[in-house]
Amino acid sequence: MIEDEVQQAIEALIDKNRSRESDPAQLDADFQEWMASAEPSKTPPKKRRRTMTWDKLRKHLLEGFGTGHGAAYRPWLTLRRKNPSKSSNQVAAHLFVLQRHGFFFSRGEYQIALLLLWLGVDDLREQFPLWPIAHPHPLVGALGAEGIQLQYSRGLLQIAEEAGIEHGVYPGTKIPYVATIDFMLTIRTGSALSLVAISCKPFSTLEDEIKWRTLERLELERRYAEHNGIRYFVFNSRVVPILMAGQLEWCFDCSHIANIPQVVPALEKFASEFESTPDLSISDAVRRTSEVCKLRLEDGWTAFRHCVWTQQIDVDLSQPILTTYPAKRGGQDLRTRLRQKLLLGEPT
Amino acid sequence: MRHIGVGFVFRVTQRHGQIQAALHRVIEINGDPNGDDCPLVVIQIPEQPSPRQFGKKQASYYSRGFKRVRLETLRQLLEEKKAIESSPPPSPSWWSRSDAELLAACPKERWVRHGESWIAPEVHKREKKWAWIEPLIASYERKEIPSVAELDALVPARAVELEIKPNQIYDALHRYFAFGEIKDALLPNTPLSGGKGKERYGKNGVRLGAPNTAAKQGNSQLAGKICDEQDRQNMRDGYQMFVRRGVSRKDSFLAFSSTYYSDGYKVENGYQLPLLLLAHQRPTEREFFDHGPEKQDRYAMLRRIFGEAEWAKDYRSLIGTAQDGIHSLGQVGSIDASPIDVNLVSCFDCQVPIGVPRGLFVRDAKWGLWCGAHNVIGGPGTEDALLTILRAALSKAKVLRRLDLNDIHPDDIPDLLFVRLLSDNGELRAIKGIETCAEKVRTTIEFVESGRADRNSPSESGHHARHAGLDHKLPGTTYGRRPKRGEALPISKALLNLYGYERLLWQWMHWANTKQLVPHLVPTEMKRDMAGKSFLPTRIEIYRWADRQGLVTRPRMDPLYLKSVLLPVYTASVVRNGLILHRPRTGERVELLKAALFNSDYIEQTALYHNFGPNDPRHIQVRVDPDDLSEIILVDRRGVHVIPNVTNDVIVVREYYLPDLVAVNDANRLKNIETKSDVDQAGSDLRLSRAAEIDLAQAKRKAADAEGGEGQTTASKEGVRDNQKRERGAQLQQAAEQAVGSKTATAANRVAAGPVTTVVPPGNVVPLKAESRLKLAQINRMKAFFDKGG
C-alpha cells in the first residue's frame with residue numbers, strides 16, 4: 001500500500017518536471033516572470049572616478065603643488081603608481097643643489113636639469129604650471145624679488161582665446177587643463193633676477209614631423225612667456241651628450257656637502273693645490289692634495305668632485321674624465337659659453 | 001678656332017631660338033664646315049631628370065627632335081659663353097653589357113621567348129624599337145633623303161604601317177641619334193622599367209580568378225572569401241611563421257588557418273581545439289601559397305607579430321644600452337624582483353613546502369657587481385624593495401655571520417648606496433618608495449618605460465645568470481616554467497628551507513663577484529694602469545681598482561639612519577619585560593609573536609611600559625628587518641635606538657625570519673586543534689580524579705565523625721603537632737604492616753588511613769625474606785619523610 005503511494009508520488013513528480021522541460025513557452029513565461037520580479041538596483045555600484053574633478057583640483061592646489069620656490073617648490077605633476085610612461089623613462093631624483101626631490105618625465109629632462117643646475121641657475125622649477133586663470137607673476141615670492149614690481153599674469157585660457165588655439169580640458173571633463181612647462185628657471189645676473197622657460201621636446205631638426213597640437217601647445221607656451229617677459233627656449237631632449245650627463249651625475253651628489261664638515265673648510269686649499277699640479281694624473285693629484293690638506297682619501301675624492309661641480313677645479317666635463325690621466329682643462333670656459341647660449345640666448 | 005664636327009657635344013646655358021638650354025649633339029653638317037654659312041643638324045641629348053618629388057609629375061625624359069642651327073650661330077654662342085663645349089653624358093652601365101649578360105642578370109620568370117632562344121625583356125624592347133626605326137635608318141644611310149632631319153617626315157607613314165602611335169617611333173629615332181647612333185640607346189633608361197606594380201584585389205563582390213564550381217552553379221555564398229589587404233598580410237605573416245622545411249603544405253595551411261581564421265575553441269577530450277571558420281570565409285590553400293611568399297618587410301612583420309613591446313625587447317636594433325653614460329661604480333644600479341624558481345620548505349618543519357619565494361636584487365648597472373638581495377615569501381612590496389636597497393647599502397658582515405658563512409669576507413660583496421637606481425614600474429613605484437628614496441635616502445629612481453624590461457637589462461641578465469648558475473640546479477626547481485607532462489611536481493621535491501637557500505645564494509653571489517672571470521668588462525684604463533701587475537679579471541678586482549682611482553661613488557649616510565628609514569614598519573606591544581611584535585597584516589586583530597622578545601636599557605630607562613594612558617593600547621611602531629630578528633629599531637623623538645632580541649632561544653635569534661615567527665604561531669594553533677581531544681580528555685580526567693578523591697575523603701570523614709568524634713582535629717598549634725606526630729607514627733605502623741604482609745589493620749590505623757582493602761597476592765608473587773622486608777620498610781619510611789618535605 002505504502003509502496004504504491006510512493007510510486008505514484010514519484011511518477012507525478014517526474015511528469016511535472018518533464019512537462020516544464022518540454023514546454024518552452026512555459027519556460028519563457030517563467031523567465032519573463034523572474035525578470036519582472038527582479039528589481040533593478042536603485043543605487044548603481046560606486047565607481048572610482050579616474051578623471052579630474054574640481055575637488056581633486058582644489059585638494060591638489062591646497063597641498064601646494066605647483067607653487068613655492070627653491071626647496072619649498074612642489075612640481076605640479078608628480079610620479080605616481082598610475083602614471084607610468086610607455087614612451088620614456090621617468091625619473092624621481094633628489095636635487096642636491098636645491099635640497100628637494102624633483103620629477104622628470106624623461107631621462108633627457110633629467111639630464112638637462114643636471115646641466116642647468118651645473119650652469120648655476122638660481123632656481124629650477126620643473127613641471128611648472130601655466131595656470132589657466134589670471135595669477136601672480138611666476139617670479140613673485142622668489143628670494144630677492146621683493147622690491148620688483150611684477151604685473152599680474154594673464155591666464156592661459158585668455159592667451160589661448162586670443163591666439164585662436166584651443167586651450168584643452170582634462171579628458172572626460174569640462175575642467176580646463178592645467179598646462180605645464182618642463183622648466184622654469186630663475187637666473188640671477190648681478191642683483192637682477194630673470195626667468196627662463198624651457199620646453200624639452202624629442203625633435204631635433206626642423207624637418208621632424210611634429211603633431212599640430214604639439215605646435216599649438218608650444219605656441220601657447222611662447223605667448224605666455226612673452227606676455228610675462230620670460231625668455232623662452234625649446235630644447236631637444238638629447239641636448240646633453242651622454243658622456244657629459246654621466247660625468248655631471250658623478251659629481252652631482254657632491255654638489256652640496258654641507259653635511260661633511262671636515263671637507264668644507266679645506267675646499268679652497270684643495271682646489272689651489274690640485275691646480276698647482278696639472279701634470280699629475282687625477283688620482284695621483286687627489287692623493288697628494290688630500291695628504292697636503294690632511295684629508296682622508298675618501299674625503300679627498302668628495303672634495304675633488306665638489307670642486308669639479310663648482311669648477312673651482314677647471315675640468316672639462318664634456319671630455320672623458322680618466323682618473324689615471326691628467327685632467328683636461330676648459331670646464332670654466334665651457335660653462336660660461338653654455339650659460340650664455342642656453343640661458344641668456346647670446347651667441348657664443 | 002674650335003673645330004666643330006659631327007659628334008660635337010655642347011651645353012647651351014641660355015635658350016636661343018629653338019635651341020633649348022640643355023645638352024646637344026651635332027649629328028650632321030650640311031655644307032662646308034670651314035664656311036660660316038653652314039647649316040648643322042643638332043639634337044638634344046636627354047638627361048636623367050632629378051628624382052621625382054612626391055605629388056609632382058615625372059620630368060620629361062624625351063629627346064626633343066632634330067633642330068637646325070647655323071655654324072656661325074653656334075660659334076657665336078660659344079664665344080659669348082652662352083654655350084660651352086661639353087662631354088657626352090655617361091651611358092648607363094647596362095648598355096655596355098652583352099645580351100647574354102643581361103639575360104643572366106634577369107630573373108628567369110621575366111625572360112621573353114625570342115624565336116628558339118630566350119632574351120631579357122629589355123633586349124626584347126630594344127629589338128622591337130629597332131624594328132620600328134630600322135627602315136628609316138637604312139634609308140638615311142643609303143642617302144635616300146637629303147638630311148637626317150627629313151626622317152621626321154617619314155615617321156607618320158611608318159606609324160600607320162606599324163599601327164602604333166607616331167610618338168613611339170619619334171622617341172626611338174631621336175634616342176638613337178641623340179646617343180651617338182648606337183642601338184643600345186634603345187634600351188630602357190632603368191633596368192627595371194615601368195611603374196610600381198599595384199596589387200589587385202577583388203572588388204564589387206567578385207573574387208579574382210576563375211569562379212569555383214559552386215559559384216558557377218549559382219551558389220554565390222560558397223564562392224569563397226574575397227581577400228583584402230589584411231588577408232594578404234595575414235597570409236604573408238602566416239607563411240613566415242608556419243611554412244617550414246619538413247612540414248607538409250597541408251599542415252602549414254591548417255596552422256595558418258587556425259591562427260588567423262578561427263572563431264573561438266571547443267573542448268574535446270580535455271583539450272582546447274580551435275574552431276576554424278567555414279572554408280568559404282577564409283583564404284584557400286592555393287591563395288596562401290600564392291601570396292604567402294610575396295616579399296615583405298621582415299622588420300615590420302616581426303614588429304606586427306610579436307607586438308610592440310616584444311619586438312622592442314628582442315628584435316629592434318639598439319642605439320645604446322642601459323650602461324650608457326655611467327661614469328663610476330656605484331653611480332647607477334638596478335633593482336628588480338623575480339621568482340627564485342626553487343620550491344622551499346618551512347624552517348621549522350622540513351616536510352612543509354612553502355612554495356617559491358620572490359627575490360629582490362640590487363646590482364651595479366655597468367659591471368654587474370652584486371650588492372644586495374632579499375627574498376620574500378609571497379609577493380614583494382615597496383617595503384621589500386626598500387629593504388633590498390638597505391641590504392645593498394650596508395655591510396654584509398652581519399648577514400654572512402647569521403648565515404654562518406664565515407669564510408666569505410664581507411668586503412667581497414661591497415656596500416653601495418647607488419646615486420641612481422633603474423627600476424621597473426613595480427615594487428618601488430609607490431609614493432612611499434619614491435619619497436623614501438628621493439627625499440630621505442637621496443637616491444634617484446629611474447623608472448623604465450612600461451613593457452620595456454630591456455631598459456633595465458642589468459637586472460634581467462642578472463636573473464638569467466642566477467637561474468642558470470644556481471636556482472635551476474637545486475632540488476625543487478621549477479626551471480621557470482610549468483612542469484611538463486609526466487614530470488613530478490617541483491613542489492614535491494622541495495628540500496631546502498629559506499635559510500639554506502640564502503646560504504647558497506650568497507655563496508653564488510660571492511662567486512659571481514670574486515671568482516667569475518669577466519675580462520670583457522675590464523676597462524682599458526684599468527688594463528693600462530695594471531700593466532705588469534697580475535690581477536684576475538673579476539668584478540671585485542674592477543671594483544677595487546675603481547675604488548683606488550676614485551671611481552666609486554658612495555653617498556655618505558649613517559647606517560643606523562638608513563635602517564631607520566628603509567626598514568619596514570611593524571607594530572609591537574609593550575609588555576612589562578620588553579617588546580613583542582605583532583603579526584603583520586591582521587587588521588584590527590592583535591596576534592603577538594611571542595617567540596621573540598626585545599628589550600634594552602633604553603626601554604627600561606624611559607619606562608616605556610608606563611607611558612601609556614590607562615585605556616590606551618600599549619602599541620608602538622618599530623622598524624624590523626624581517627630577515628634578521630637579532631634586533632629591531634625604535635625611532636622616537638629622542639632619536640634612533642637599537643633594541644636587541646633577548647629571547648633565550650639562540651636559534652630564534654640567529655636563524656629565524658619574521659615569517660618563521662608567524663609560522664610558529666600558526667603551527668601552534670594547528671597543533672592546538674589537532675590535540676584538542678587529548679588535551680580536553682586529560683583535563684577532564686584530572687578534574688574528575690580530583691573530585692572523586694575529595695568525595696572519598698569526605699565520606700571517610702563523615703564515617704569517622706559518625707563513629708564518635710575522637711578523630712576530630714584540634715585547631716590549636718599544639719594539637720596540630722600532636723596530630724602530625726600521630727600521623728607519622730601511624731604511617732610507620734602502616735608501612736611496617738604492609739611490609740610484613742599484615743592482612744588486617746588496627747582500628748586506629750583504620751581511622752588514620754581509612755579502610756584498607758584486602759589484597760590477595762597473585763600466585764606468581766614470591767614472598768620476600770624477612771630482612772628484605774625490613775629494608776623495604778625503611779625505604780618506604782624515608783620516601784614518606786621526603787615527600788612531606790622533611
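## Charges over rings

A charge sits over a ring if NZ of Lys or CZ of Arg is within 6 Å of the ring centre and within 35 degrees of the ring normal. In this predicted model, B:R429 meets that description: its charged end sits over the ring of B:F447, 4.9 Å from the centre. Another arginine, B:R249, lies over the face of B:F289, and here the distance from the ring centre is 3.9 Å.

## A ring cluster in chain B

B:F289 also belongs to a cluster linked by ring pairs.

## An aromatic pair in chain A

Over all chains, a search of the whole structure finds 29 aromatic pairs. One pair is made by A:F252 and A:W309, whose ring centres are 5.3 Å apart; their planes stand at 50°, so the pair is tilted. The two residues come from distant parts of the chain, 57 residues apart. A:F252 is in helix α7 (residues 242–252) of chain A, while A:W309 is in helix α10 (residues 297–310) of chain A. Both A:F252 and A:W309 are buried.

## A nonpolar surface patch

On the surface, B:M782, B:F785 and B:F786 form a nonpolar patch. Together they have about 330 Å² of accessible area. B:F785 is found in helix α25 (residues 770–787) of chain B. Its relative accessible area is 41%, so B:F785 counts as partly exposed.

Notes: Residues are numbered from 1 along each chain as its sequence is written. Chains are lettered from A and ligands numbered from 1 in the order in which they are written. This is a predicted model: local features need pLDDT of at least 70, side-chain atom pairs count only at pLDDT 80 or more; totals for chains, interfaces and linings use all residues. Side-chain values use heavy atoms; hydrogens and water are left out. Rings of Phe, Tyr and Trp (its six-membered ring) pair if their centres lie within 6.5 Å; planes under 30 degrees apart count as stacked, over 60 as edge-to-face and the rest as tilted. Helices (H or I, at least four residues) and strands (E, at least two) are DSSP runs, numbered from the N terminus. Buried means under 20% relative accessible area, exposed over 50%, partly exposed in between (1.4 Å probe, protein chains only). Patches are made of residues with over 30% relative accessible area and no salt bridge: like charges are joined within 9 Å, nonpolar side chains (Val, Leu, Ile, Met, Phe, Trp, Tyr) within 5 Å. Accessible areas come from the Shrake-Rupley method with a 1.4 Å probe; for residues, only the protein chains shown count as cover. A salt bridge is a side-chain nitrogen of Lys or Arg within 4 Å of a carboxyl oxygen of Asp or Glu.
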